[in-house]
Amino acid sequence: MEYIKFGNTGMKVSRLCLGTMTYGKPTDRWPWALEEAQSRPFIQKALELGINFFDTADIYSYGVSEEVVGKALKDFTTRDAVVLATKVFNPMGPGPNDKGLSRKHILSAIDASLQRLGTDYVDLYQIHRWDYETPIEETMEALHDVVKAGKARYIGASSMYSWQFAKAQYIADLHGWTRFASMQPHYNLIYREEEREMIPFCIDQKIAVIPWSPLARGLLTGKRSKDRNETDRAKTDSFGKSLYDFPTDFDVVKRLGEMAAKRGVPDAQLALAWMLSKPGITAPIIGASKPGHLEDAVAALAIKLDAVEINQLEELYQPHPVLGFN
């Protein structure tokens, strides 16, 4: 395993982060989620492979993912050995204050997450999306107070417009509050719109970039094609369908498959190797739900692509509308 500085902080994370949306329990929204007994071996294997970075969210299985992850990490390792991240924003109850990024919800949500995770602090507390109903000043001050209370070591953000992220950082600087240390954008070989502004901004500001969906909901694993475009998860993943429905995406997928076959490696390894080669990328957030997923991901660290191969993978890309911010 390789380790890297987390943006402009002194914290070190593995070059791969294990995303845990798959772990928790099946629900109407996540019928493909794994139960706790099925989930724990993946967390244990990740630790054995040297992954020290784990990302969850309060909304995953409505809190059960946090419970499963917290118990597994307590059983398989020590708290200080891992970097644990979670998120806040999405509705966690029926009330009007059970969601968003108000001071009221943030301060309640962090306590609820810590209780489910079974820990006194998270290493990274992230806003899952931008809250158009709450002044960013209120959000940034509340997050600063979470850090000063010792409940989070760093704060991060996820998919939003670059101007929004820059405004949040400006507000933090203006008041002497804690800045975002990381950005979790939607980014992969078939969705590269974040290369226009967000990733260059993060490079300039020395902000960690930890992309979600690096394998495009499985589209970059070679298991799906124009004619065979539905896995069990894809059949019920309406959000995923909204992200990857561009006809030209499959041209890129085909090119990836051809190059992977030529190299004699799985498509997923090559897709991750491409991402790891890109400037500014700290740690892609990978998922694992079947045997071999983690081993494939770690093997991608050893694959080095030259400039010709990178160009061949990228040249078929067509601009997309902005996706994944909602």
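In the predicted model, Trp274 is buried, with a relative accessibility of 0%. Its ring pairs with that of Tyr187: the two centres lie 5.5 Å apart and the planes stand at 40 degrees, so the arrangement is classed as tilted. Tyr187 is likewise buried, at a relative accessible area of 1%. Because Trp274 belongs to helix α10 (residues 267–277) and Tyr187 to the loop between β8 (180–184) and α6 (198–205), the pair ties together parts that are 87 residues apart in sequence. In total, the structure holds seven aromatic pairs. Ring pairs also join Phe165, Phe180 and Phe201 into a cluster.

Two arginine residues are found over the ring of a tyrosine, Tyr121. The charged end of Arg79 sits over this ring at 4.0 Å from its centre. Arg153 also lies over the face of Tyr121, with a distance of 3.7 Å to the ring centre.

The largest nonpolar core comprises 89 residues. Within this core, the residues with the most contacts are Leu18, Phe54, Tyr125, Met140, Phe165, Phe180 and Leu220. Helix α10 supplies the largest share of the core, eight residues. Another core, of 13 residues, lies apart from the largest one and includes Cys17, Val83, Ala208 and Ala283. In soluble globular proteins, nonpolar side chains tend to be buried together.

When neighbours within four places in sequence are left aside, Tyr125 is in contact with Thr86, Lys87, Val88, Ile106, Ala109, Ile110, Leu143, Val146, Ala152, Tyr154, Ile155 and Gly156.

Helix packing is illustrated by α9 (residues 249–263) and α12 (residues 307–314), whose axes come within 8 Å and cross at roughly 150 degrees. On the α9 side, the contact is made by Val252, Arg255, Leu256, Met259 and Arg263. Helix α12 contributes Glu309, Gln312 and Leu313. By residue class, the contact of α9 with α12 consists of four nonpolar, one polar and three charged residues.

The loop between β5 (83–88) and α3 (103–117) contains Gly100, as well as Phe89. Gly100 is buried, since its relative accessible area is 8% and the limit for burial is 20%. The C-alpha atom of Gly100 is separated by 6.3 Å from that of Asn90, although the two residues are ten positions apart along the chain. Beyond its neighbours within four places in sequence, Gly100 is in contact with Val88, Phe89, His105 and Asp131.

The backbone of Phe89 has a phi near 155 degrees, a positive value in a residue other than glycine. Phe89 counts as buried, at 18% relative accessibility. A positive phi also occurs at Tyr62, again a residue other than glycine, where the value is near 50 degrees. Most residues other than glycine have a negative phi. Tyr62 is located in the loop between β4 (53–55) and α2 (64–76). With a relative accessibility of 46%, Tyr62 counts as partly exposed, whereas Phe89 counts as buried.

Methods
Residues are numbered from 1 along each chain as its sequence is written. This is a predicted model: local features need pLDDT of at least 70, side-chain atom pairs count only at pLDDT 80 or more; totals for chains, interfaces and linings use all residues. Side-chain values use heavy atoms; hydrogens and water are left out. Rings of Phe, Tyr and Trp (its six-membered ring) pair if their centres lie within 6.5 Å; planes under 30 degrees apart count as stacked, over 60 as edge-to-face and the rest as tilted. Helices (H or I, at least four residues) and strands (E, at least two) are DSSP runs, numbered from the N terminus. Buried means under 20% relative accessible area, exposed over 50%, partly exposed in between (1.4 Å probe, protein chains only). A charge sits over a ring if NZ of Lys or CZ of Arg is within 6 Å of the ring centre and within 35 degrees of the ring normal. Axes are lines fitted to C-alpha atoms, for helices over the stretch in contact, and angles run from 0 to 180 degrees between N-to-C directions. Contact means heavy atoms within 4.5 Å. Ala, Val, Leu, Ile, Met, Phe, Trp, Tyr, Cys and Pro count as nonpolar, Asp, Glu, Lys and Arg as charged, and the others, Gly among them, as polar. A nonpolar core is a set of buried Ala, Val, Leu, Ile, Met, Phe, Trp, Tyr and Cys residues joined through side-chain atoms within 4.5 Å.
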